[in-house]
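Have the model open as you read.

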Amino acid sequence: MNEHIAVTVTVNGQEYTRQVEPRMLLSDFLRHELDLTGTHVGCEHGVCGACTILLNGEPVRSCLLFAVQVQGQAITTVEGLASGPDPEDLHPLQQGFWEAHGLQCGFCTPGFLMTLVPFLEENPDPTEAEIREALSGNLCRCTGYQKIVEAVQLAAEKMRG
Amino acid sequence: MTTRYFGKPIKRNEDPRLLTGQALFVDDVHLPDMLHVAFVRSDLAHARIRRIDTAAARERPGVVAVYTAEDLGDYWRPGPLLVPPPPVKDIVFHQRTQVPLAKDKVRHAGEAVAMVVAESRYIAEDAAEEIFVEYEPLPGVVDLEEALQPDAPRVHEDLESNLAAHVIQEKGSYATAREQADVVISRRFVYDRGTAAAMENRGIVAHWDFKSQHLTVWDTTQAPIPIRNGLAAMLGLSEHQVRVIAPFIGGGFGPKIMMFYPEEMLLPWVSMQLKRPVKWIEDREENFYATTQERGQIHQAEMALTQDGRILGVKDVFLHDTGAYDPYGLTVPINSQCTLLGCYDVPNYYSEFRVVFTNKPIVTPYRGAGRQHGVFVMERLLDLAARELGLDRAEIRRRNFIPPDKFPYNNQIIYQDFAPLVYDSGNYEPALDKALELIDYQRFIQEEQPRLRAEGRKVGLGIVTYVEGTGIGPYEGARVTVEASGKVSVATGIGTQGQGHFTSFAQLVAEQLGVDVGDIFLVTGDTDQFYWGAGTFASRGAVVAGNAIHAGAQAVRRKILKMASEELEVAEEDLELVDGTVRVKGVPDSAIKLGELAVKANPLRGAVKPDAEPGLEATAYFGPERGATASGVHAMILEIDPETMLVEIQKYVVVHDCGKVINPLILEGQIQGGVAQGIGNAFYEQLFFSENGTLLNASFMDYLLPTATDVPAIISDHLETPSPLNPLGVKGAGEAGAIPVGPLFAQAVEDALDIPGLEIREIPLSPNRLFELIRGERTEREADHG
């Protein structure tokens with residue numbers, strides 16, 4: 001188990017190479033090898049969705065993948081969403097969550113954001129029912145979801161311009 | 001015109017950090033040379049430990065240390081009692097608190113038996129699997145009623161029985177009331193266990209810096225200061241050698257204030273032993289066993305009424321499951337006992353409870369903290385009485401409300417804060433009227449429901465009320481400082497778990513100092529920043545810490561005015577604080593920036609006046625004489641699919657009164673989130689234990705948290721009956737949303753099913769359970785106890 005394998009992966013546009021055990025989870029790799037701790041781990045069995053990231057643009061649960069499986073691929077994490085450090089650089093979804101109070105403790109939030117980015121790209125003008133369906137694979141224990149729904153509606157509006 | 005900050009829906013200061021992945025949670029703490037801890041936990045709920053073989057684990061490369069109870073030496077001791085029993089006459093209380101690692105026997109599944117410390121978490125978990133524990137299984141104590149049978153196995157063999165506590169509280173004479181009653185409603189009610197399931201599991205990083213002789217602990221706790229004090233005492237350190245930091249916490253809901261969790265005792269000690277930083281992060285499965293839970297109670301209750309539906313008295317005798325230990329004292333059952341009376345003028349009350357040890361995870365407060373059970377019993381009794389008397393369910397409630405002129409209203413029993421249960425203020429009838437209007441009660445029952453029923457649809461309405469004792473003592477404090485930059489820092493002792501303290505507290509300061517909310521920097525949950533305090537629990541943050549911050553900001557305001565009055569040579573009354581300056585009213589050019597004033601208040605050379613205090617700074621404390629009572633009404637309309645028994649909530653209304661509102665946006669969030677947890681508790685979430693006490697559904701695959709498609713949009717309205725007990729007039733709001741959802745579901749489901757004789761007297765429900773109830777099937781639980 002102590003054999004290490006080289007993994008090269010592009011995360012938020014930057015290439016990283018690390019030597020890891022084949023069994024290292026992608027979530028642990030991002031958090032503890034690359035220190036990208038914005039991706040959170042809530043259940044480690046693929047239900048809560050907190051660890052969702054984009055793998056080649058598709059939302060996936062990083063706790064259900066091994067780091068070695070993403071060799072040579074491109075990942076986006078929550079750290080890669082905003083275009084800069086200032087509030088006005090936030091992604092419209094981040095803006096929407098902020099304005100609509102779509103987060104409380106904020107632990108599940110990165111997973112929601114990463115699930116919703118491709119959703120809004122595919123469906124720029126979703127109905128409330130479609131939004132709820134899109135959210136239903138992510139668990140939030142604080143908000144009761146309503147303000148997340150409102151945040152997505154707000155973000156969709158912003159993105160449509 | 002001075003900008004107002006109090007009462008405004010200001011978006012949160014903390015959000016940009018959280019939204020960009022920059023906020024620090026405990027598991028984000030990485031220290032050089034850090035070791036990782038994994039625990040070996042018992043699979044059995046009740047067993048004697050015969051032998052623990054750690055040899056293979058110790059030999060595994062990368063393992064630094066392995067500990068069992070024996071290896072802890074003198075450090076092994078039961079944890080402290082967090083809350084002593086209240087001063088109630090003839091109270092019985094047997095203190096049995098959790099131990100760091102089980103010695104001799106295990107008392108609940110998931111109890112830690114051994115601890116592995118290794119170079120990585122992966123290695124620590126590998127080694128934990130190699131530790132062999134030989135157990136002698138013992139029969140489990142699982143069922144509350146069986147637990148008190150004379151021949152029941154005992155969780156704590158040094159006690160005569162599984163009785164942990166016995167408490168009776170009385171107001172007036174229920175026996176007399178019963179004699180005078182036209183009607184007596186008597187029933188058995190069951191409320192079963194769930195778990196808080198904060199999205200972030202627990203975790204601790206401890207770092208003993210040998211060279212500076214200083215311990216730093218990052219802990220997912222709701223109460224960093226008591227943890228600091230307790231650790232210093234246990235480890236033989238000065239409190240000034242220990243710093244406990246509760247950074248961003250991914251949801252608390254109560255279970256993150258259980259002191260001390262075994263892991264909280266062990267990690268700092270291990271770091272001192274090994275002189276290296278150590279980290280333990282709970283996984284979700286551990287969270288199901290090793291984090292505390294709530295809600296197991298069985299009530300036998302009765303209500304005596306007149307023919308016209310006036311309550312003469314209530315009697316309630318109940319059992320409360322405390323799990324394997326009782327470190328949190330009697331807070332949960334006392335809350336049940338004291339919240340049952342609700343919004344109602346009940347002249348006579350007899351309440352008796354027995355707390356029972358079982359071989360299940362420990363019970364401590366979880367959002368609502370026992371209040372749910374009391375509200376469930378009372379609201380269900382009222383529904384049953386209304387049915388018996390042929391009264392409208394809203395009307396029977398209205399007839400029994402405490403009228404507004406009877407406040408303060410003394411319930412003549414002792415609350416969880418050891419103070420008499422006196423409601424400070426309330427105005428219940430307008431809230432009921434508002435809820436009836438928002439749910440369109442008359443139209444629904446007279447037109448909508450009959451029409452839909454004629455179509456064969458199962459639609460029902462529920463409407464219930466509740467109170468919540470919030471904002472209890474003892475006290476909190478805060479230090480407010482104007483910095484040389486003109487920005488303001490505020491340090492308070494409580495921790496924060498998503499309640500928006502960085503913003504709502506900043507609003508309180510902004511209101512006094514005329515500084516933008518975005519320019520106010522809040523520090524919470526760091527014992528090196530503020531020394532005194534109790535913690536975030538019992539819906540008390542806004543009330544107790546909020547009023548302390550308010551007082552601190554007022555004191556700084558007075559300092560600013562005094563100093564500026566001298567500088568500008570005008571009377572204090574002629575000054576105003578606007579946009580980060582203090583200026584002469586009507587003369588905007590005659591102004592000083594607060595930052596400049598702060599610099600002047602902290603001279604580096606020269607002389608100061610005798611007794612001058614440096615800085616524009618003040619520290620203040622607030623301790624209410626007793627809790628402030630919030631209240632509310634929830635109403636909903638739901639439809640049941642008769643094929644699947646799935647429930648669809650069509651409309652949900654909350655009318656809530658928590659006094660003055662600091663930030664309506666944050667309050668809405670608290671209410672909506674609370675309701676979502678209440679819905680989970682009422683219809684989705686239930687922990688199932690085997691007959692031996694093993695938890696059968698310890699994963700999110702099997703324990704269902706409500707999702708975005710289960711929780712409806714919530715229509716809410718707020719009334720403001722200020723509390724006279726604190727200067728801001730606020731009451732707590734954190735737990736309210738979750739409290740009345742059980743009886744609301746029960747009433748609405750009964751109404752929807754409309755089956756003569758069908759009574760819902762238990763929570764949680766589920767589609768499966770509804771089928772059983774409709775078929776008149778007696779579950780094992782009921783068959784056993786009839």
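## Chain B at a glance

Chain B has 786 residues and a radius of gyration of 28 Å, which agrees with the value near 28 Å for a compact globule of that length. That radius is taken over C-alpha atoms, and the globule rule is 2.2 Å times the number of residues to the power 0.38. This is a predicted model: local features need pLDDT of at least 70 and side-chain atom pairs count only at pLDDT 80 or more, while totals for chains, interfaces and linings use all residues. Residues are numbered from 1 along each chain as its sequence is written, with chains lettered from A and ligands numbered from 1 in the order in which they are written.

The C-alpha atoms of chain B fill a box of roughly 85 × 75 × 50 Å along the principal axes. There are 20 helices and 30 strands in chain B (DSSP runs, H or I of at least four residues for helices and E of at least two for strands, numbered from the N terminus).

| Domain of chain B | Residues |
|---|---|
| domain 1 | 15-22 + 473-622 |
| domain 2 | 31-138 + 196-290 |
| domain 3 | 297-472 + 625-785 |

The C-alpha centres of domain 1 and domain 3 of chain B lie 39 Å apart. Their contact takes 18 residues from domain 1 of chain B and 19 residues from domain 3 of chain B (in contact means C-beta atoms, placed from the backbone, within 7 Å). On the domain 1 side, α14 (501-513) and α15 (541-568) of chain B are the elements giving two or more residues; α15(B) gives the most, with 6 residues.

Terms used. Domains from an automatic or database assignment. Contact = placed C-beta atoms within 7 Å.
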